[in-house]
Amino acid sequence: IGEQITVAALAALQDKPGETWGFDPNAFVYKLVAPKRKDPPKSWTTKQRRLTVSSVYVGQEKVDIWPCVSTKVVDGNPVLDAKKIVFGERVRYTKGTGEPWFKGGDGTISGAYMRKLLERAGPDSEGELVKAAQKSVKPTQYEPLPDCIVVVCEVDGRKGGTKKHYCCRGAPDDADIREEAAIAAIGAALSYRNVPNIKEDSS
């Protein structure tokens with residue numbers, strides 16, 4: 001994927017201009033490799049010279065990719081075809097089991113702590129859900145521009161790319177921004193519903 005490819009550049013290479021997958025379009029996408037890793041000897045077989053990559057870094061965030069990509073190592077770095085980097089679903093084994101939710105983490109990143117609330121939610125439950133989702137909304141490590149507020153939603157969706165940063169110039173306080181991030185967290189948690197049509201289920 002090269003040494004300097006951004007989310008925006010990756011989207012362009014995949015013929016998806018404007019797609020950000022919920023990330024900063026200017027964030028760099030790269031794969032960390034152990035400093036001591038060296039190219040395999042030329043005497044190795046083609047199979048031995050390859051490396052399976054299951055995650056990349058977007059900025060400072062480690063993100064799973066699915067399907068995993070098998071690639072070779074050159075100058076200590078994996079050579080990835082940018083078009084094969086898909087921020088996708090890795091946990092597929094719960095399909096067809098009748099389980100109402102896909103498995104996902106410890107309840108912090110996947111938002112599993114909201115599942116019982118979501119199961120019993122009705123038309124008047126928005127306030128309760130937003131209040132619960134505030135657990136996953138916090139300031140980021142980034143320094144905002146003057147008159148801006150930046151927060152992060154710490155719930156990742158099942159298909160990846162749902163962790164978001166929000167910046168709003170001239171906001172009177174951070175309440176509106178935190179609520180927006182909380183709603184994003186709810187949407188990410190809902191993506192773990194084991195249903196044929198998640199969009200229909202979420203509505």
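This is a short tour of the structure above, one selection at a time.

Before you start, note that the model is predicted: local features need pLDDT of at least 70, side-chain atom pairs count only at pLDDT 80 or more, and totals for chains, interfaces and linings use all residues. Residues are numbered from 1 along each chain as its sequence is written, and side-chain values use heavy atoms, with hydrogens and water left out.

**The whole chain**

Begin with the cartoon view, where the protein shows five helices and seven strands. Helices (H or I, at least four residues) and strands (E, at least two) are DSSP runs, numbered from the N terminus. Read from that end, the order is α-β-β-β-β-α-α-β-β-β-α-α. Of the 203 residues, 37% count as buried; buried means under 20% relative accessible area, exposed over 50% and partly exposed in between, with a 1.4 Å probe and protein chains only. Among contacts (heavy atoms within 4.5 Å) with a separation of 6 or more, 50% come from residues 24 or more positions apart.

**Asp15**

Next, select Asp15, in the loop between α1 (7–13) and β1 (29–30). Asp15 is exposed, its relative accessible area being 63%. Check its backbone: phi is near 60°, a positive value in a residue other than glycine. Most residues other than glycine have a negative phi.

Now show α4, residues 175–190. Its 16 residues should span 22 Å at 1.5 Å a residue, and the end C-alpha atoms are 23 Å apart, which agrees; the expected span is 1.5 Å times one less than the number of residues. Colour the buried residues of α4, among them Ile177, Ala181, Ala185 and Leu190.

To see where they meet, show Glu126, Leu129, Val130 and Ala133 in α3 with Glu179, Ala182, Ile183, Ala185 and Ile186 in α4. The residues of this contact divide into seven nonpolar, no polar and two charged.

**Thr140**

Move on to Thr140, in the loop between β5 (137–139) and β6 (150–153). With 13% relative accessibility, Thr140 counts as buried. A polar atom of the Thr140 side chain lies 3.1 Å from the backbone nitrogen of Tyr142. Beyond its neighbours within four places in sequence, Thr140 is in contact with Val150, Val151, Val152 and His165.

**Lys163**

Lys163 sits in the loop between β6 and β7 (165–167). Is this lysine buried or exposed? Lys163 counts as buried, at 13% relative accessibility. Its side chain makes a polar contact with that of Glu154 at 3.2 Å. A polar contact is a pair of N or O atoms within 3.5 Å; within protein, one must be able to donate a hydrogen and the other to accept it, and residues adjacent in sequence count only if both atoms are side-chain atoms. Leaving out residues up to four places away in sequence, Lys163 touches Gly22, Glu61, Val152, Cys153, Glu154, Val155 and Asp156.

**Lys103**

Finish at Lys103, in the loop between β4 (77–78) and α2 (115–119). Lys103 counts as partly exposed, at 47% relative accessibility.

Definitions and conventions
Ala, Val, Leu, Ile, Met, Phe, Trp, Tyr, Cys and Pro count as nonpolar, Asp, Glu, Lys and Arg as charged, and the others, Gly among them, as polar.
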